[in-house]
Structure formats: structure tokens, C-alpha cells
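User: I would like to learn how to read the features of a protein model, one at a time. Please give the general idea and then the case at hand.

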Amino acid sequence: MASSFEKFQKRRLISSYFSVVLSIFIVLTLLGALGLFVINTEKISSYVKENIPMTVFFKKDATDDAMQAFGNNLKEATYIKDFVYVSKEEAAQNNKDIMGDYESLLDSNPLLNSYDIHLKGNYVQTDSIKDIEVAIRANPIVADVSYDLVLVEMANDNIKTITLWILIISGILAFVAMLLINSALRLSIYNHRFTIKTMQMVGATKSFIRKPFVWRGIKLGLIGSLLAIGALLWFVYYLDAALPVLNIWEDWMPTAIVFGGVLAFGIIITAISTFFATQRFLNLRTDDLY
């Protein structure tokens, strides 16, 4: 009978520890994933905005040398990510499905030579892009500058909104994580409430009783945190393969900070929760244990 009871208690204890580790693993994985998104928000934002093109059209009388000089100036501009020269012949070929056989209808190619430009992400702002447009239009060989201002404004507004909501969700999830981990640890220590009270009745100090429970909580937090970091490593590997433009592994320091934060959060929250959960049972009267 005693052997069966001991086996039951052991299974119950293992189940309790497993639930604590599982709770820590799930909440820290979600929290870490949000943390990775937050630290890469700027990269994602830049990637989206740098794919909004600006096209500079040249006047028909612009010479090749003048357009080459314009390109050399673009190379030196701090706001340029990349650019490519598109001749009017290339433009006609690229738009052949729209223009059709224009040569049979028109005497000459109506399109203009141009540069397709992508600006750096931090310059794709309403004010900045307008200043760049004014500066480019000041060049006498420029006929027109075309870009989608509505798309620029929409991209910036959506990115700000998404970032705000991610921060709010991260804060809520961090609070929920603390509650879940605290509840799981309290249930785990609840199974030892009689042991705690027995030790206290035979003269053990509160700090002496608390110490092994706190250390056990830290170990469970460490295990859950390491499992969460393992899941996040897989997530980062997958994300880096799907979106190589983010260069997550090359810029590894922010990612390492998130992993360190997950590890520290898991250990600290379990230590604090275990401390207060143990303290609660230490302060209970014997009659209140039942």
C-alpha cells in the first residue's frame, strides 16, 4: 500500500514539475517571438519602404553625358539605396503589353529615359521624400519625378500602428506570463504544504525551508527558458531563410539580447514566484492547510 502511495505521489510530483516547465516554455517562447519581432521592426519597416520606387524622367533633349553625371551624383547621395538606368527603348519593351506595336502608329518612341530609384528606409517619410523630390526637380534635365505618395503615407501609418499594437500585446503577454508561471509554481508548492509546515513546527527557520524550493523553482525556470530558447533558435533559423534581407544572424547582438532576456526572465520570475508562494504557506495556520 505504501509503495503504491509513494508511486502515486512521485507521479503527481513529476506531473506538477512538467506543468511548470511547460507553462514557462510556452509563455517565454511567445514572449521571445514578440521580442524578436520588436527588435526587427526597423528592418521590416525599411524593407517595406525601400521597395517603394521613385522614377526620375529626363527631358528628351537630355544628353547621355548629362544623364551619366546625374547617375554619378546619385551614387554620392546619402539617401539612395540603389538605382538603375532605364532607357526609353527598355521602357517600351517592358511595357509592350500596354503600348502594343507603337512603331506602326507613331513616328518615335513617346517614352522618356529614366532612373528607377529606391530610397533608404529612413528617408521614405512624407517630409523627407518631398524634400528629395524638390532637390531632384531642380536639375534642369529632369522632366518629372514620379512616386506613390499615398503608398508612402499608408506604409508609415500601418507600420506605426502595428508597432504600437505589438508593444501593447507584448506588455499584456508579459503580465499574463507572470500570472501563469506564478500559478503553476504555487500549485507545485501546494503539494508540499504539509512538509513545509512540519519542518516549521520542528524549528526550521523560514529561510532554511524556503531555500530548496527557491532553488528548485530556479532550476525549473532554467529548463523552461532553455527549451524556449531552443524553439526560438529554430524560429530565427526559419525566419532568416524565409527573409534573408533581415540578416538576423549577421546582426546577432539584438537576437542574443532577446535570448538573454528570455533566460533571465524565466529564472527571475520563477525565483520570485517560488519565494512568495513558499512564504504564503509558511504564514498559514495549520488548520488552513486543509
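User: Which side chains meet Arg-137 or Glu-133 in a salt bridge, and what is the N to O distance?

Analyst: First, the ground rules. This is a predicted model, in which local features need pLDDT of at least 70 and side-chain atom pairs count only at pLDDT 80 or more, while totals for chains, interfaces and linings use all residues. Residues are numbered from 1 along each chain as its sequence is written, and side-chain values use heavy atoms, with hydrogens and water left out. A salt bridge is a side-chain nitrogen of Lys or Arg within 4 Å of a carboxyl oxygen of Asp or Glu. Here Arg-137 and Glu-133 meet each other in one, at 2.9 Å from N to O. Both residues lie in helix H6, four residues apart, about one turn of the helix.

User: Which other residue forms a salt bridge with Arg-137?

Analyst: Asp-144 does, with the closest N and O atoms 2.9 Å apart.

User: How many salt bridges does the rule count?

Analyst: The count is three. Among them is the pair Asp-82 and Lys-81, whose closest N and O atoms are 3.2 Å apart.

User: Is Glu-133 buried or exposed?

Analyst: The scale is relative accessible area with a 1.4 Å probe and protein chains only: buried means under 20%, exposed over 50%, and partly exposed in between. Glu-133 counts as buried because its relative accessibility is 17%.

User: How is the fold laid out along the protein chain?

Analyst: Helices (H or I, at least four residues) and strands (E, at least two) are DSSP runs, numbered from the N terminus. The protein chain has ten helices and four strands. From the N terminus on, the order is α-α-β-α-β-α-α-β-α-β-α-α-α-α.

User: In what order do the four strands stand in the sheet?

Analyst: Two strands pair if DSSP finds at least two bridges between them. The four strands make an open sheet in the order S2-S3-S1-S4, with antiparallel pairing. Strand S2 (80–86) and strand S4 (142–147) are the edges, each pairing on one side only. Neighbouring strands are turned by 20° against each other on average, direction ignored.

User: How many bridges join S2 and S3, and which residue in S3 is the bridge partner of Val-84?

Analyst: S2 and S3 pair over six bridges, and Asp-116 is the partner of Val-84. S3 is also joined to S1 by five bridges, with Met-54 opposite Ile-117. On its other pairing, strand S1 (residues 53–58) meets S4 over five bridges, where Val-56 has Val-145 as its bridge partner. As a general point, side chains in a regular strand alternate between the two faces of the sheet.

User: Which strands does helix H3 lie across?

Analyst: Two terms are needed: contact means heavy atoms within 4.5 Å. Axes are lines fitted to C-alpha atoms, for helices over the stretch in contact, and angles run from 0 to 180 degrees between N-to-C directions. Helix H3 (residues 64–76) lies across S1, S2, strand S3 (114–119) and S4, and runs at about 5° to S3. Helix H6 (residues 126–137) also packs on the sheet, touching S1, S3 and S4, with its direction at about 165° to that of S4.

User: Is Lys-49 buried or exposed?

Analyst: Lys-49, in helix H2 (residues 41–49), is buried, because its relative accessible area is 5%. Leaving aside neighbours within four places in sequence, its contacts are Gly-121, Val-124, Gln-125, Ala-155, Asn-156 and Ile-159.

User: What share of the residues of the protein chain count as buried?

Analyst: Of the 290 residues, 35% count as buried. As for contacts between residues at least 6 apart in sequence, 81% join residues at least 24 apart.
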